[in-house]
Amino acid sequence: MWLDSQSPWWQAQTLNHEQIARLQIGPLCLYLQRKTGEWRLHTERLSTPEQNLAQACYLPHWPAHQTFSRYVFADEPLQFCLTPQLLDRPVVIKTHQPVYLPAAQEMTFYISSPVLIRLELKQPDIVLQDIPTQLLSDTWFGPNTQTGELCYADKTQARHSKDELPSRAHRAITPIRVKNSSNQMMSIEKLSLPLPFLALYGLSDGSLWTDQVHIDHQDNAELSRLTIHRQQAPGDDTTVRLCKARHHFETQGLFRVFSGLFNQKERN
């Protein structure tokens, strides 16, 4: 079929009359059928360990006992498209292990976050649903209940080499450049990834990348200076922008990126 883990999966596709497709983007599975005057949709998430592939197949008949949503039309569209979208809130990332950055040092980390799948019919363009590939829990990010914002919570690795990145079709990679401008050891255990201010890009190998984020952390500062570099992922001439940032961002600004007390005196 048109989908595999090493090619873009967000291109428009045609579904023939009565044809049924099963599509998997990471742990999310979608079943689609085009019928006379309607499209049918069923979604589910894999209960087995998380799958990272993008793949698809045609089915001879609708799976037994599966309910579905019906979208009706006078003349049903012939094509559909699965377009990845970044989440509508920041994601608070907790690293699996603490990461320490000494004073006056800077390092680039690569952190991933799950995407939404926008299911859209084409000609005319009609958005049916925005479906999360993973269900994340809500969390409050801020020093108290009065100051802060509602975010999503996720756990991931903070990798510092692109070669260490696993291939995961349903997660977008954000390069984060952190500079420790303080005179103390900096512990990075939890940070807020400002997804609503980032654009999303797709590469020819099927991977997803966002704009780059640069964070400059000062001495005893609750807020860090954050800069967003609106550029495509390096090393790929066929990168395309899949969606723009949800919110406008100035050249730079002060943001609460880290939670808790993250400037720690270097231990003896």
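R70 is exposed, with a relative accessible area of 52%. Its salt-bridge partner in this predicted model is E38, and the closest N and O atoms of the two are 2.7 Å apart. R70 belongs to strand β6 and E38 to strand β4, so the pair ties together parts that are 32 residues apart in sequence.

Let's turn to the strands themselves. Strand β4 (residues 38-45) pairs with β6 in the antiparallel sense, over four bridges. Here E38 turns up again, standing opposite V72 in β6.

Both strands are part of an open sheet of five strands, ordered β5-β2-β3-β4-β6 with antiparallel pairing. At its edges stand β5 (54-59) and β6 (69-72); each has a single partner strand, so one side of each is left without a neighbour in the sheet. From one strand to the next, the twist averages 20°.

## The four-stranded sheet

Which strands make up the open sheet of four? Its order is β1-β7-β10-β11, and the pairing is antiparallel. The edge positions go to β1 (13-14) and β11 (126-132), and since each has a single partner strand, one side of each is left without a neighbour in the sheet.

Strand β10 (residues 116-122) runs antiparallel to β11, and six bridges join the two. Within this pairing, R118 stands opposite D130 in β11.

How many salt bridges does the model hold? The count comes to eleven. One of them brings together the side chains of R34 and E76, at 3.2 Å from N to O. This pair links distant parts of the chain, 42 residues apart: R34 sits in strand β3 (residues 28-35), while E76 sits in the loop between β6 and β7 (79-85). Both R34 and E76 are buried.

The side chains of E106 and R177 also meet in a salt bridge, again with an N to O distance of 3.2 Å. E106 lies in strand β9 (residues 106-114) and R177 in strand β14 (residues 171-180), so this pair ties together parts that are 71 residues apart in sequence. E106 counts as partly exposed at 38% relative accessibility, and R177 is partly exposed too, with a relative accessible area of 29%.

Definitions and conventions: Residues are numbered from 1 along each chain as its sequence is written. This is a predicted model: local features need pLDDT of at least 70, side-chain atom pairs count only at pLDDT 80 or more; totals for chains, interfaces and linings use all residues. Side-chain values use heavy atoms; hydrogens and water are left out. Two strands pair if DSSP finds at least two bridges between them. Axes are lines fitted to C-alpha atoms, for helices over the stretch in contact, and angles run from 0 to 180 degrees between N-to-C directions. A salt bridge is a side-chain nitrogen of Lys or Arg within 4 Å of a carboxyl oxygen of Asp or Glu. Buried means under 20% relative accessible area, exposed over 50%, partly exposed in between (1.4 Å probe, protein chains only).
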